[in-house]
Amino acid sequence: MMPTIVALGSNLGDRLAALRAGVRALGEIGTVVARSSVWETAAVGPPPDYLNAAVAVETSLPPEALLAALLAIEHRFGR
């Protein structure tokens with residue numbers, strides 16, 4: 001298993017629910033082994049501000065497949 005750190009951020013709608021959904025989605029591609037606290041950071045442009053977190057995931061996916069899986073998760077969430 002390859003340890004991977006994934007950064008999450010959300011500034012639209014229910015930001016906390018979006019982060020939680022992102023963590024659940026990461027659990028589909030590996031095992032979530034740790035989560036950071038959630039931090040609020042000011043948007044560079046106009047509000048709303050961001051909620052950010054980091055998640056440690058252990059996965060057997062090789063780098064290219066991991067990237068494809070992460071992009072698919074972003075697409076699923078409308079990014």
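Select Pro 48: it sits in the loop between β3 (39–41) and β4. Helices (H or I, at least four residues) and strands (E, at least two) are DSSP runs, numbered from the N terminus. Now show the bond from Pro 47 to Pro 48: this peptide bond is cis, with omega near 20°.

This is a predicted model, where local features need pLDDT of at least 70, side-chain atom pairs count only at pLDDT 80 or more, and totals for chains, interfaces and linings use all residues. Residues are numbered from 1 along each chain as its sequence is written, and side-chain values use heavy atoms, without hydrogens and water.

Zoom out to the protein chain. Its secondary structure comes to 2 helices and 4 strands. From the N terminus on, the order is β-α-β-β-β-α. The C-alpha trace spans about 40 × 25 × 20 Å along its principal axes.

Next, select residues 15–26, helix α1, and find Ala 18 in it.

Color the buried residues of α1: Leu 19, Ala 21, Gly 22, Val 23, Ala 25 and Leu 26. What do they pack against? Show β1 (2–10), β2 (31–35), β4 (50–59) and α2 (63–76), the partners of these buried residues.

Notes:
Buried < 20%, exposed > 50% of the residue type's maximum accessible area, 1.4 Å probe, protein only. Contact = heavy atoms within 4.5 Å.
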